[in-house]
Amino acid sequence: MIEKLNDEERAVALAGLPEWGGVAEPDGISRSFSFGNFVEAFGFMTKVALLAEKADHHPEWSNVYGRVEIMLTTHDAGGLSQRDIDLATAINALAA
Ligand SMILES: C[C@H](O)[C@H](O)[C@H]1CNC2=NC(N)=NC(=O)C2=N1
């Protein structure tokens, strides 16, 4: 069973993900991505979807034209876990 990160683990993880901010409710992290148009944004979402499915860890997200908002939390743990940090790191690599 995956567990929530403790305060120290959380601080270390967030320091390594400066583009991501903490979300209180639900306990997680979020990042906003901007693309030039809808096709680029949706192409990015398609890549994230494949990553997420492979990891069996799925984002809560929204898209408006070229903007994609992603929030990561672990339902099974009731908050932020290492699985969110791993997925955020992989998403950052995709967006780089
Ligand atoms: C049954 C299934 O494996 C679980 O519900 C997985 C799927 N994707 C998930 N995604 C996220 N973000 N949190 C989870 O706890 C989670 N659990």
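# Briefing: a ligand site and an aromatic cluster

His57 lies in the loop between α2 and the strand β3 (60-64), and in this predicted model His57 is also one of the residues around the ligand.

**His57 and its surroundings**

- His57 counts as buried because its relative accessibility is 6%, which falls under the 20% cut-off for that class.
- The side chain of His57 makes a polar contact with the side chain of Asp84, at a distance of 2.7 Å.
- Once neighbours within four places in sequence are left aside, the residues in contact with His57 are Ala52, Thr73, Thr74, Arg83, Asp84 and Leu87.

**The ligand**

- The residues around the ligand are Asp56, His57 and His58, together with Thr73, Thr74, His75 and Asp76.
- A polar backbone atom of His58 is 2.8 Å from a nitrogen atom of the ligand, and a backbone N or O atom of Thr73 likewise lies 2.8 Å from a nitrogen atom of the ligand.
- An oxygen atom of the ligand is 3.0 Å from a polar backbone atom of His75.
- The ligand taken alone exposes 390 Å², of which the protein buries 68%.

**Aromatic pairs and their cluster**

- A search of the whole structure finds four aromatic pairs, and one of these is formed by Trp20 and Phe33, whose centres are 6.2 Å apart and whose planes are at 70 degrees, an edge-to-face arrangement.
- This pair links distant parts of the chain, since Trp20 is in the loop between α1 (7-15) and β1 (21-23) while Phe33 is in strand β2 (residues 28-34), 13 residues apart.
- Trp20 is buried, with a relative accessible area of 5%, and Phe33 also counts as buried, at 4% relative accessibility.
- Phe33 has a further partner in Phe44, with ring centres 4.8 Å apart and planes at 45 degrees, so this pair is tilted.
- Because Phe33 lies in strand β2 and Phe44 in helix α2 (residues 38-55), the pair ties together parts that are 11 residues apart in sequence.
- Phe44 counts as buried, at 5% relative accessibility.
- Trp20, Phe33, Phe35 and Phe44 together form one aromatic cluster.

**The largest nonpolar core**

- In soluble globular proteins, nonpolar side chains tend to be buried together.
- The largest nonpolar core here has 18 residues, among which Trp20, Ile29, Ile70, Leu72 and Ile91 touch the most other members.
- The elements that give two or more residues to this core are β2, α2, β4 (67-72) and α3 (82-95).
- Not counting residues up to four places away in sequence, Leu72 touches Trp20, Gly28, Ile29, Pro59, Leu80, Asp84, Leu87, Ala88 and Ile91.
- Asp84 and Leu87, both touched by Leu72, are also in contact with His57.

**Pro26**

- Pro26 lies in the loop between β1 and β2, and its relative accessible area of 32% makes it partly exposed.
- Leaving aside neighbours within four places in sequence, Pro26 is in contact with Met71 and Thr73.
- The C-alpha atoms of Pro26 and Met71 are separated by 9.2 Å, although the two residues are 45 residues apart along the chain.
- Thr73, in contact with Pro26, is also among the residues around the ligand and in contact with His57.

Terms used
Residues numbered from 1 in each chain as written. Predicted model: local features only at pLDDT ≥ 70, side-chain atom pairs only at ≥ 80, totals over all residues. Heavy atoms only, no water. Phe/Tyr/Trp six-rings, centres within 6.5 Å; stacked < 30°, edge-to-face > 60°. Helix = DSSP H or I, 4+ residues; strand = E, 2+ residues; numbered from the N terminus. Buried < 20%, exposed > 50% of the residue type's maximum accessible area, 1.4 Å probe, protein only. Core = buried A, V, L, I, M, F, W, Y, C linked by side-chain atoms within 4.5 Å. Contact = heavy atoms within 4.5 Å. Near = heavy atom within 4 Å. Polar contact = N/O pair within 3.5 Å; in protein donor to acceptor, adjacent residues only side chain to side chain. Areas by Shrake-Rupley, 256 points an atom, 1.4 Å probe, with all protein chains shown as cover.
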